[in-house]
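Here is a short briefing on one protein model. Please keep the sequence and the coordinates open while reading.

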Amino acid sequence: MGPSFDDGTSLYNFVVRDGNGVKGMVDSGLTTVPAAYTQPPRERIDKESARKHEQPPIDLSRLDGPEHDEVAVEIVRAAETLGFFQVINHGVPVDLLESLKDTAHKFFGLPPPTPLVKYGTSFVPEKEKALEWKDYISLEYVNDAEALQHWPIEIRDVALEYLRTSIMMVRKLLEVLMLNLGMKLVDPKIDALIDKKMVNMNFYPTCPNPELTVGVGRHSDMGTLTVLLQDRIGGLYVKIEEDMKYGKKGEWVEIPPTPCALVINVGDMLQVLSNKRYKSAEHRVRTTNIASRVSIPIFTIPRLTEKIAPLPHLVEKDGIAHYREFTFVDYMKNFFGNAHEGKKSLDFAKNVDSS
């Protein structure tokens, strides 16, 4: 017997506590969105009014040749304006990306719950006013041996190869961004900023009333850099923080899926380190009634004990530190202790003397 969609407690238990996820609810014969998933009007995504972000992908193969400086400028400009950009010729095999998307769809086709599949769903369900229309599995990386032992066998090998090949690209991008801030990174510092890595597989089931729901609510990413693989369905929207040629402040632009490309976005820690020069962009995801969608992000975050603060020479130049020093683990606890609410998580780090 399926859940009572009129009973909020039964639905919550079925979807969240029992691990059936949104997919289990949809598979049970759902025809309309339950009240628990209906977003307030201000949080809904108006697909028709949002424009597509037309910036072409950055060709990372040019970093290794005479055009290095030109490409570095493109990367820095993207980090300082929108905080999101797409890259091609990134070193991650294209056939691996296609296999990864296929594997994710097949994995979420398995019947939940089982000893193998118990979906995480939404973000912080117990604190959200309306739940997000998303299921996911999160794979924390410690080392290859533990991944091979503990990650589900159906997705283990392809997810591990995706992580291995992407991290080389992340290092290149981080070197470019930090060099622009006047800091030459040595390997130990790079390691500290991307010490922890997580691969998520996000699954957005088809939704009978997509105009009432969101796949992921407004938020910025807490870490250093995020790598994202989209499928062909699309649905990722980014908020513009300052007027630019792609739109006006406060508008939302869609990052359209581009064949063979990966999406890169700046995380909160780079915004803090750069004393606000780099933008950890607010973003969200819409749902659709056309087809189920998958996305596969890699989150790179600092060592838990790492002290994070604006770089001292930038504070001296700016005359103010926009953020205080904190230990990353404290920031992470605050981030996961609250529902998505735009970039409010950065308030935890804000310097009270900063305007």
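**Helix 6 and what follows**

Just after helix 6, glycine 182 adopts a positive phi of about 85°. The model is a predicted one. Helix 6 itself covers residues 153-180.

- Helix 6 has 28 residues, which at 1.5 Å a residue should span 40 Å. Its end C-alpha atoms lie 41 Å apart, so the length agrees with expectation.
- Helix 6 carries a kink of about 25°. The kink is centred on serine 166.

**Overall fold**

- The protein contains ten helices and 15 strands.
- For 355 residues, a compact globule would have a radius of gyration near 20 Å. The protein has 20 Å, which agrees.
- The C-alpha trace spans about 65 × 45 × 40 Å along its principal axes.
- Of the 355 residues, 55% are buried.
- Take the contacts between residues at least 6 apart in sequence: 78% of them join residues at least 24 apart.

- Eight strands form an open sheet with mixed pairing, in the order 2-3-11-8-13-6-5-4. Strand 2 and strand 4 (120-121) stand at its edges, each with a single partner strand, so one side of each has no neighbour in the sheet.
- Strand 2 (residues 58-59) runs parallel to strand 3, and two bridges join them. Aspartate 59 has isoleucine 88 of strand 3 as its bridge partner.
- Strand 2, helix 3 (residues 68-80) and strand 3 together make a right-handed β-α-β unit.
- On to strand 3 and strand 11 (residues 262-266): they pair in the antiparallel sense over four bridges. Here valine 87 stands opposite leucine 262 of strand 11.
- Why is strand 3 (residues 84-88) described as largely enclosed by the rest of the structure? Four of its five residues are buried.
- Strand 8 (residues 225-230) pairs with strand 13 (residues 293-301) in the antiparallel sense, over six bridges. The bridge partner of threonine 226 is phenylalanine 299 in strand 13.

**Strand 6 inside that sheet**

- Strand 6 (residues 196-204) has nine of its nine residues buried, so the rest of the structure largely encloses it.
- In a regular strand, side chains alternate between the two faces of the sheet.
- In strand 6, Lys196, Met198, Asn200, Asn202 and Tyr204 point one way. Lys197, Val199, Met201 and Phe203 point the other way. All of these residues are buried.
- Strand 5 (residues 135-141) pairs with strand 6 in the antiparallel sense over seven bridges. Leucine 139 has valine 199 as its bridge partner in strand 6.
- Strand 6 also pairs with strand 13, again antiparallel and over seven bridges. Valine 199 stands opposite isoleucine 298 of strand 13.

- Five strands make an open sheet in the order 1-10-9-12-7, with mixed pairing. Strand 1 (51-52) and strand 7 (216-219) are at the edges, each with a single partner strand, so one side of each is left without a neighbour in the sheet.
- Strand 7 pairs with strand 12 (residues 283-285) in the antiparallel sense over two bridges. Histidine 219 stands opposite histidine 283 of strand 12.

**Loop residues to check**

- Asparagine 89 is not a glycine, yet its phi is positive, at about 50°. Asparagine 89 sits in the loop between strand 3 and helix 4 (94-107).
- Is asparagine 275 buried or exposed? At 2% relative accessibility, asparagine 275 counts as buried; the cut-off is under 20%.
- Asparagine 275 has a positive phi near 55°, again in a residue other than glycine. Asparagine 275 lies in the loop between helix 8 (268-273) and strand 12.
- Asparagine 89, by contrast, has a relative accessible area of 47% and is partly exposed.
- Glutamate 67 is placed in the loop between strand 2 and helix 3. Its relative accessible area is 36%, so glutamate 67 is partly exposed.
- Glutamate 67 and proline 312 are 245 residues apart along the chain. Their C-alpha atoms are separated by 31 Å.

Technical notes:
Residues are numbered from 1 along each chain as its sequence is written. This is a predicted model: local features need pLDDT of at least 70, side-chain atom pairs count only at pLDDT 80 or more; totals for chains, interfaces and linings use all residues. Side-chain values use heavy atoms; hydrogens and water are left out. The expected span of a helix is 1.5 Å times one less than its number of residues. The bend at a residue is the angle between axes fitted to the seven residues ending there and the seven starting there. Buried means under 20% relative accessible area, exposed over 50%, partly exposed in between (1.4 Å probe, protein chains only). Two strands pair if DSSP finds at least two bridges between them. A crossover is right-handed if, with the strands pointing away from the viewer, the path from the first strand over the helix to the second runs clockwise. The radius of gyration is taken over C-alpha atoms; the globule rule is 2.2 Å times the number of residues to the power 0.38. Contact means heavy atoms within 4.5 Å.
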